[in-house]
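This briefing concerns how the parts of one chain are arranged and how they meet. Please consult the sequence and the structure shown below.

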Amino acid sequence: MKYAKIVATGSYLPKRVLTNTELEKMVDTTDEWIRSRVGIKSRHIVSDGETLLDMLAESAKLIIERAGIKPNDVDGIVVGTTSNDYIFPSAANLLQARLGITNHCGTFDVQAACSGFIYAMSIAEQYIKTGKMKNVLVLGGEAISHYINWKDRGTCVLFGDGAGGVLLTGSDEPGIVSTHIHSDGQYKELLYAANHWHEEGDMVKRPQIVMEGKEVFKVAVNTLNDIVTEVLEENNLDKSEITWLVPHQANMRIITATAKKLGMPMDRVIVTVDTHGNTSAASIPLAFDTAVTDGRIKQGDLVLMEAFGGGFTWGSALIKM
Ligand code: UT7
């Protein structure tokens, strides 16, 4: 097979919506600050025992149904996540059982922070192109609210939970045109969640996200500009040929800066940060499914996905629909 083609999408958001007004009661912040500095109005977070696996399973069931295949037709599962409930087994492995897939197909997680979905797509693409797999579920999901310090106004207003993904199938028709993954491990101190559990009073607390937002912002904007240049040059494309930009949804100001670099009007940029917040590895598949489902992204369109996250990691996927 020459290409890995997206044949179906799906996503899931928890029912519980956390508004900026609620956050105003939790930390010293304002709706106005969050909207103007980040572009977020609300985000979804898990509640009542809802897990990452629940969200992945809802997304995957939708994808399988929309693709018109049976669970056992799936012969690979790759999940980008940083917030699996288990150190092991992997979320992909747990998902295989939840979906009732009994064909012993390979399953694994990819940990590349907010770039996890792009990394997962890039890996799945290789398996499909070499003929090792035919139908691969590629998902990004996060229950990242578990790792938030709800007293830190610099981070707690930013993140949200959710999951989404695609079914990639081997095809002779164009699908993924190119994927690009990169990292530079020297920036750990700017954005991390150490796997250290700590005591606070009588409670044992989970690891928490630590971020130097301003510094991350600067590197993110410059790196995302480089990503755009790389994709265009490697594919000998003019920026006007990109139909849709589906960026990682971290901050409206970062999204706007990247769109400007591409010379794209904002009505060709998929934006969900306002109602999803930053859902890390889930942000691109959530935004992508939103725009495919509402009919904006259509067959034949050329879609550029790009992501940037902790590590730092970054990457992109250029897709012919
Ligand atoms: O997804 C992975 C990659 N992550 C990102 O790409 C995130 C990148 N960073 C950002 O999006 C932005 O840097 C933030 C949204 C995190 C912060 O925006 P900023 O414009 O860079 O603000 P800042 O950190 O420079 O803070 C400006 C002021 C500070 O007060 P002082 O020192 O000027 O008095 C902060 O303490 O805003 C204050 N501040 C807040 N005020 C109200 C920080 N957080 C809040 C808050 N509410 N929630």
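The chain is assigned domain 1 (3–173) and domain 2 (178–320), with bounds taken from an automatic or database domain assignment. The model is predicted, so local features need pLDDT of at least 70 and side-chain atom pairs count only at pLDDT 80 or more, while totals for chains, interfaces and linings use all residues. Residues are numbered from 1 along each chain as its sequence is written, and side-chain values use heavy atoms, without hydrogens and water.

**Extent of the interface**
- The C-alpha centres of domain 1 and domain 2 are 14 Å apart.
- Domain 1 contributes 53 residues to the contact and domain 2 contributes 47 residues, where contact means heavy atoms within 4.5 Å.
- About 3,800 Å² is buried between the two domains, 59% of it on carbon and sulfur atoms; buried area is the accessible area (1.4 Å probe) lost by two parts on being put together, summed over both.
- Cys-114, Ile-118 and Tyr-147 supply 18% of the area that domain 1 buries against domain 2, more than any other three residues.

**Salt bridge**
- One salt bridge is found across the interface of domain 1 and domain 2, the term meaning a side-chain nitrogen of Lys or Arg within 4 Å of a carboxyl oxygen of Asp or Glu.
- A salt bridge joins the side chains of Asp-289 and Arg-66, at 3.0 Å from N to O.
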